[in-house]
Amino acid sequence: MRKFWLLLTLALILSLPFSGSVQADPGSETGQTQTLSAFVENWTESEVQDQADTTPLPSADPEKKAYLTFDDGPDPVWSPQVLAVLRKYQAHATFYMIGRNSSTFQDTVLAIASDGNTLANHSYNHYDLTTLNFQGFSLEVGDTEQSIRNALKDHPELASQVTKCLRPPYGKSNETVYAYATRMGYSISMWNLDTRDWAGLAPEAILANFSDKLQPDRVILFHDGGEDRQNTIEALDLVLHELIMQGYEILPYCTETGQAIIGG
Ligand SMILES: [Zn+2]
């Protein structure tokens with residue numbers, strides 16, 4: 001309504017000198033019309049600009065999915081800080097846990113699950129799984145799963161967040177590892193975007209590395225344990241901000257139904 005009255009007033013004001021000058025100077029008709037349309041166009045643009053300033057963050061584009069994963073936790077110092085950043089962006093991730101950590105830091109396992117994240121397997125001792133026979137493999141994977149389930153034993157509503165996904169330490173895998181995993185009902189979960197947060201990079205350098213590699217359907221590798229993760233915490237904030245501004249939907253890679261199918 002405000003816009004209508006403003007336009008009407010403008011039209012009236014501009015029509016007064018315009019109607020008197022048409023015969024004297026035909027060129028002025030074009031001039032006045034351009035002035036009016038230019039003013040309205042500018043006014044409309046500034047109105048749109050005002051709206052843009054107050055528009056909330058862009059909503060997710062269904063074509064743009066990013067899968068967030070963390071390895072080497074749970075860690076009682078770093079995992080809660082990761083969780084705080086995830087909550088800030090209302091994002092969820094899959095946490096590939098080392099069994100000796102999940103058996104020691106059960107409260108941290110529970111905190112990760114309580115926030116709606118999914119829990120997955122990164123072996124008990126972070127061994128190279130290609131060196132193990134099936135007995136060793138099944139202990140590494142089975143004991144890790146058991147320690148995670150123990151941490152959630154008083155919260156049966158969280159049990160469905162324990163997944164059958166295994167990320168081999170160091171990404172080292174072969175046909176035997178795949179066969180052993182299958183025999184235990186597990187899928188092997190790799191990644192396709194390494195943030196290199198393990199390489200001692202500053203948060204800005206992690207973001208730059210991430211931005212260079214970002215495209216839809218990336219499985220993003222971060223770490224929430226193993227060493228000082230201060231740079232990871234700060235980089236995660238930058239990365240999640242970037243993903244949301246670019247319209248990405250941020251999802252855990254592995255859920256109760258298995259790991260996401262990655263196209264391309
Ligand atoms: Zn690892």
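Biologist: What kind of model is it, and what's the average pLDDT for the chain?
Modeller: It's a predicted model. The chain averages a pLDDT of 84, and 77% of the residues score at least 70.

Biologist: Where does pLDDT stay under 50?
Modeller: Over residues 4-53. For that stretch the model has 10 contacts beyond four places in sequence.

Biologist: And how should I treat coordinates where pLDDT is low?
Modeller: Where the score is low, the predicted coordinates should not be read in detail.

Biologist: Okay. How many helices and strands are there in the chain?
Modeller: Nine helices and 10 strands. The chain has 264 residues, and 33% of them count as buried.

Biologist: What share of the contacts join residues at least 24 apart?
Modeller: It's 76%, taken among contacts between residues at least 6 apart in sequence.

Biologist: Let's do packing. How do H3 and H5 cross?
Modeller: H3 covers residues 78-88 and H5 covers 106-114. Their axes come within 10 Å and cross at roughly 10 degrees. Angles under 35 degrees count as roughly parallel, so H3 is roughly parallel to H5.

Biologist: Which residues make that contact?
Modeller: From H3 you've got Ser79, Pro80 and Leu83, and from H5 there are Thr108, Ala111 and Ile112. By class, the contact of H3 with H5 has four nonpolar residues, two polar and no charged.

Biologist: What about H3 against H9, what's the angle there?
Modeller: About 20 degrees, with the axes of H3 and H9 10 Å apart. That makes H3 roughly parallel to H9 as well. The crossing of H3 with H9 is right-handed.

Biologist: Who's touching whom in that one?
Modeller: Trp78, Gln81, Val82 and Val85 of H3 meet Ile233, Leu236, Asp237 and Leu240 of H9. The contact of H3 with H9 divides into six nonpolar, one polar and one charged.

Biologist: H9 packs with H8 too, so at what angle?
Modeller: About 40 degrees, with the axes of H8 (203-213) and H9 (230-245) 8 Å apart. H8 and H9 are therefore oblique to each other. Their crossing is right-handed.

Biologist: I flagged histidine 126. What's up with its phi?
Modeller: Phi of histidine 126 is positive, about 60 degrees, although the residue is not a glycine. Histidine 126 lies in the loop between strand S3 (118-121) and helix H6 (134-151).

Biologist: Why does histidine 126 count as partly exposed?
Modeller: Because histidine 126 has 19 other C-beta atoms within 10 Å, and buried takes 20 or more.

Biologist: And tyrosine 170, buried or exposed?
Modeller: Exposed, with 11 other C-beta atoms within 10 Å. Phi of tyrosine 170 is also positive, near 60 degrees. You'll find tyrosine 170 in the loop between strand S4 (162-166) and helix H7 (175-183).

Biologist: Next one, arginine 100. What does it touch?
Modeller: Tyr124 and Asn125, not counting residues up to four places away in sequence. Arginine 100 is in helix H4 (99-104) and is partly exposed, with 15 other C-beta atoms within 10 Å. Arginine 100 and serine 147 are 47 residues apart in sequence, with their C-alpha atoms 8.2 Å apart.

Biologist: Last one: where is glycine 200?
Modeller: In the loop between strand S6 (193-194) and H8. Glycine 200 is exposed, with 10 other C-beta atoms within 10 Å. The C-alpha atoms of glycine 200 and threonine 232 are separated by 9.5 Å, though the two residues are 32 apart along the chain.

Definitions and conventions
Residues numbered from 1 in each chain as written. Predicted model: local features only at pLDDT ≥ 70, side-chain atom pairs only at ≥ 80, totals over all residues. Axes fitted to C-alpha atoms, helices over the stretch in contact; angles between N-to-C directions. Helix = DSSP H or I, 4+ residues; strand = E, 2+ residues; numbered from the N terminus. Parallel < 35°, antiparallel > 145°, perpendicular 65-115°, else oblique. Left-handed = near helix turned anticlockwise from the far one by under 90°. pLDDT = per-residue confidence, 0-100. Contact = placed C-beta atoms within 7 Å. Buried ≥ 20, exposed ≤ 12 C-beta atoms within 10 Å, placed from the backbone. Nonpolar A, V, L, I, M, F, W, Y, C, P; charged D, E, K, R; others polar.
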